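Welcome, and please have a look at the model below. The notes that follow go through a few of its residues, strands and helices in turn.

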Amino acid sequence: MQIVLIGYMGSGKSVVGKALADRLELPFLDLDDHIEEELGMSIPDIFRKKGEIFFRKKEHEYLKEILLSKDKVVLSTGGGTPCYSGNTDLLLDKTPNVFYLQLSVASLTARLADEKDHRPMISHLKPEELQEYIGKHLFERRPYYSRANHTISCEGKSVDEIAAEIAAKLV
Ligand code: S3P
């Protein structure tokens, strides 16, 4: 079974993915961690030294490789993964278990305020610019996220509650 979590930065894809994998006793993979390991560089360094286009190319390559080689996996993607290189089509072709973890702009802003420094898409923003940026960015990305098989509203829910909700919807 392949289960894929998508959603904006800070929506909890990694922490929920890990909890879900533990609950289901499936291997867990975080696409960003995998890219960092394969390339031997942190995500900020990849963006800084190689540029975003290089990152998106590698993101696509590794995503394809993982989906082809791992039959059993809970995969947490990066916030931009579904929005490039036909990646959403790839995901939806491979599994009926693609979940969008949805949070409001206000909640995402609150979560990302303290941890934007290691996220190259937002690290250059001033704190007061964050909410407007996220609002616009999410508006652009929503059409991709919305193609998931299921949208899980994560507002006010614990990690375990979200993992349980996903587990109940698996096919
Ligand atoms: C990105 C999100 C990040 C990471 C990279 C680009 C994006 O993943 O893939 O910094 O374009 O939204 P997280 O959603 O895990 O922060």
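## Terms and ground rules

Buried means under 20% relative accessible area, exposed means over 50%, and partly exposed lies in between, using a 1.4 Å probe and protein chains only. This is a predicted model, in which local features need pLDDT of at least 70, side-chain atom pairs count only at pLDDT 80 or more, and totals for chains, interfaces and linings use all residues. Residues are numbered from 1 along each chain as its sequence is written, and side-chain values use heavy atoms, with hydrogens and water left out.

With a relative accessible area of 22%, V105 is partly exposed. V105 sits in helix α6 (residues 105–113); helices here are DSSP runs of H or I with at least four residues, strands are runs of E with at least two, and both are numbered from the N terminus.

Which residues does V105 contact, leaving aside neighbours within four places in sequence? They are Q131, I134, G135 and L138, where contact means heavy atoms within 4.5 Å. V105 and L130 are 25 residues apart in sequence, and their C-alpha atoms are 9.8 Å apart.

## The core and helix α4

A nonpolar core is a set of buried Ala, Val, Leu, Ile, Met, Phe, Trp, Tyr and Cys residues joined through side-chain atoms within 4.5 Å. The largest one has 49 residues, and I6, Y8, L101 and I166 touch the most other members. Helix α4 (residues 52–69) gives the most to this core, contributing five residues. Beyond four places in sequence, the residues that Y8 touches include L108, L112, Y133, I134 and L138.

The length of α4 agrees with expectation: its 18 residues should span 26 Å at 1.5 Å a residue, and its end C-alpha atoms are 25 Å apart. That expected span is 1.5 Å times one less than the number of residues.

## T81, a buried loop residue

T81 lies in the loop between β3 (73–76) and α5 (87–94). Is T81 buried or exposed? At 0% relative accessibility, T81 counts as buried.

The side chain of T81 makes a polar contact of 2.8 Å with the side chain of E59. A polar contact is a pair of N or O atoms within 3.5 Å; within protein, one must be able to donate a hydrogen and the other to accept it, and residues adjacent in sequence count only if both atoms are side-chain atoms. Apart from residues up to four places away in sequence, T81 touches L31, R56, E59, L63 and N87.

## Strand β4 between two partners

Four of the five residues of β4 (residues 98–102) are buried, so this strand is largely enclosed by the rest of the structure. Two strands pair if DSSP finds at least two bridges between them. Strand β1 (residues 2–6) runs parallel to β4 and is joined to it by three bridges, while four bridges join β4 to the parallel strand β5 (residues 150–153). F99 is the bridge partner of L5, and F99 also stands opposite H150 in β5.

## Cysteines without a bond

How many disulfides does the structure hold? There are zero, a disulfide being a pair of cysteine sulfur atoms within 2.5 Å. The closest cysteine sulfur to that of C83 is in C154, 17 Å away and therefore too far for a bond. C83 is buried at 12% relative accessible area, and C154 is buried at 1%.

The C-alpha atom of C83 is 9.2 Å from that of E140, 57 residues away along the chain. E140 belongs to helix α7 (residues 130–145) and is exposed, with a relative accessible area of 53%.
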